[in-house]
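This report describes a single protein chain from its overall fold down to individual side chains. The sequence and the model come first, and the commentary follows.

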Amino acid sequence: MQGKILSTQLISGDDGKRYEYDKNDVVNLGDKDLAMLTGSQVDFVSFDERVAKSIYIINENVNVSSILSADSISSARLKALWGLGLQFFNFIPYIGQIIAIVGFVLYSMAIYSVSKAAASKSLFKNYIIAVIINFLGLFSFIC
């Protein structure tokens, strides 16, 4: 049977029914995060009416909202890479600064995701303190 991933524990089958599943039943998941694969097409077997087994991802649908809201390490890595990559557009007048700000926000979201995934109470707070000190240093250098 085929269906679509609705959440990290729920699949909507083509028959209109919803099936619960466990992450360990996704055969070709690899190092991907299920939270980022919401909306992906899957093929699965159901031995009873409510549980899906032997799940294969047949069409990945990685959407931006699930990446931004996920707090997994792979999601954080993707946010950090995009955030750092967007910093290189800073040299473009006007629009480059806006793109760089978006990159800074993505990078900050990555740090926040890592702090939540690692259950660290001080990582994000220390990052914000470092950003403020950096801003104050830059401001004092310019003035």
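## Basis and overall fold

Helices and strands are DSSP runs numbered from the N terminus, with helices being H or I runs of at least four residues and strands being E runs of at least two. The model is a predicted one, in which local features need pLDDT of at least 70 and side-chain atom pairs count only at pLDDT 80 or more, while totals for chains, interfaces and linings use all residues. Residues are numbered from 1 along each chain as its sequence is written, and side-chain values use heavy atoms, with hydrogens and water left out.

The chain has four helices and five strands, arranged along the sequence as β-β-β-β-β-α-α-α-α. Of its 143 residues, 29% are buried, where buried means under 20% relative accessible area, exposed over 50% and partly exposed in between, for a 1.4 Å probe and protein chains only. The accessible surface, from the Shrake-Rupley method with a 1.4 Å probe and, for residues, with only the protein chains shown counting as cover, is about 9,400 Å², and 64% of this belongs to carbon and sulfur atoms. If contact is taken as heavy atoms within 4.5 Å, then 50% of the contacts between residues at least 6 apart in sequence join residues at least 24 apart.

## Nonpolar core

A nonpolar core is a set of buried Ala, Val, Leu, Ile, Met, Phe, Trp, Tyr and Cys residues joined through side-chain atoms within 4.5 Å. The largest one here has twelve residues, namely I5, I11, Y19, Y21, V26, L29, L37, V42, F44, A52, I55 and I57. Strands β4 (41-45) and β5 (53-59) each supply at least two residues of this core.

Beyond its neighbours within four places in sequence, I11 is in contact with a set of residues that includes I5, Y19, Y21, V42, F44, A52 and I55, and also K4, K17 and R18.

## Salt bridge

Side chains of opposite charge can pair when their charged atoms come close. With a salt bridge defined as a side-chain nitrogen of Lys or Arg within 4 Å of a carboxyl oxygen of Asp or Glu, the count is one. K53 pairs with D25, and their closest N and O atoms are 3.4 Å apart. Because K53 lies in strand β5 and D25 in the loop between β3 (18-20) and β4, the pair ties together parts that are 28 residues apart in sequence. K53 is partly exposed at 33% relative accessible area, whereas D25 is buried at 18%.

## Aromatic pairs

Rings of Phe, Tyr and Trp (its six-membered ring) pair if their centres lie within 6.5 Å, with planes under 30 degrees apart counted as stacked, over 60 as edge-to-face and the rest as tilted. There are five such pairs. One of them, between F124 and Y127, is tilted, with 6.1 Å centre to centre and 35° between the planes. Both residues lie in helix α4, three residues apart, or about one turn of the helix. F124 is partly exposed at 26% relative accessible area, while Y127 is buried at 14%. Together with Y107 and Y112, F124 and Y127 form one aromatic cluster.

## Backbone exceptions

Most residues other than glycine have a negative phi. S54, in strand β5, has a positive phi near 50°, and Y94, in the loop between α2 (73-86) and α3 (95-117), has a positive phi of about 65°. S54 is partly exposed, with a relative accessible area of 37%, whereas Y94 is exposed at 74%.
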